[in-house]
Amino acid sequence: MLIAGQASALTLADCTRTTHISHGGQADHVDLGEGRVMWRDWWSQEGTATAFVLAECATGQTLSLLAAEENMGRRNAFDRTDDALAVLERHQSGARVFATFERIAADLNNIARDVEIATLATENCACGAAYPELRGEKTEFMLAG
C-alpha cells in the first residue's frame, strides 16, 4: 500500500513547466549530486532568453546566469550557451570542494551576463524533487494547480 505522500512525490520531470503563460518556463532539471541541482530558464515572447540556475539545496544558495538573449531590449544579442555549459561541466567534473559558486561565477563573468549569487528562503522545485530531506527551514516548494 502506498502512503499518500509517496504517491504524490515530486519528480524532476514535474519541474519542467511553463511559468509565464506560453512564453516562459523552466526545463532540463538535473541532479548534479551531493545536494546540488541545475535547470534552464527560458523566455520566448518577441525576444528570447536562456538562463541557467545552479542551486545548493541545503543552503538555498543559487548561482544564476544569462547564457543567451536576442531582442530583449537595448542590449546586443549574444549566445554563449555552449561556452557557459562548458564552464559548468568543467566545475562539475572536478572535486566539489573547489566548485564553489564564487569560483564558478568568476569563470562565467566574461562569458555570460547577469551572473548572480543569491540565497533563497524558499525551496525550488528541483531541490524539492531530488533532495527534500535538505529543505531545512526553507518554505516547501509546491506545484501550483
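Q: Quick one: is Asp114 buried, partly exposed or exposed?
A: Partly exposed: the relative accessible area of Asp114 is 39%. Keep in mind that this is a predicted model.

Q: Okay, and where is Asp114 found?
A: Look in strand 7, which covers residues 113-119.

Q: What's phi doing at Asp114?
A: Phi of Asp114 is near 55°, so to speak on the positive side, and Asp114 is a residue other than glycine.

Q: Switching topic: what about phi of Glu34?
A: That one is near 55° too, a positive value, and Glu34 is a residue other than glycine.

Q: Which loop does Glu34 lie in?
A: The loop between strand 2 (24-33) and strand 3 (36-45).

Q: Is Glu34 buried or exposed there?
A: Glu34 counts as exposed because its relative accessibility is 64%, and the cut-off for exposed is over 50%.

Q: Now Arg96. Where's its place?
A: Arg96 sits in a loop as well, between helix 2 (81-93) and helix 3 (101-108).

Q: Which residues does Arg96 touch?
A: Leaving out residues up to four places away in sequence, Arg96 touches Leu32, Gly33, Glu34 and Arg36.

Q: What does the side chain of Arg96 reach?
A: The backbone oxygen of Leu32, at 3.2 Å.

Q: And which side chain of opposite charge is nearest to Arg96?
A: Glu56, at 4.6 Å. A salt bridge needs the atoms within 4 Å, so Arg96 has no salt bridge, yet Arg96 is buried.

Conventions:
Residues are numbered from 1 along each chain as its sequence is written. This is a predicted model: local features need pLDDT of at least 70, side-chain atom pairs count only at pLDDT 80 or more; totals for chains, interfaces and linings use all residues. Side-chain values use heavy atoms; hydrogens and water are left out. Helices (H or I, at least four residues) and strands (E, at least two) are DSSP runs, numbered from the N terminus. Buried means under 20% relative accessible area, exposed over 50%, partly exposed in between (1.4 Å probe, protein chains only). Lys and Arg count as positive and Asp and Glu as negative; His and the chain ends are not counted. A polar contact is a pair of N or O atoms within 3.5 Å; within protein, one must be able to donate a hydrogen and the other to accept it, and residues adjacent in sequence count only if both atoms are side-chain atoms. Contact means heavy atoms within 4.5 Å.
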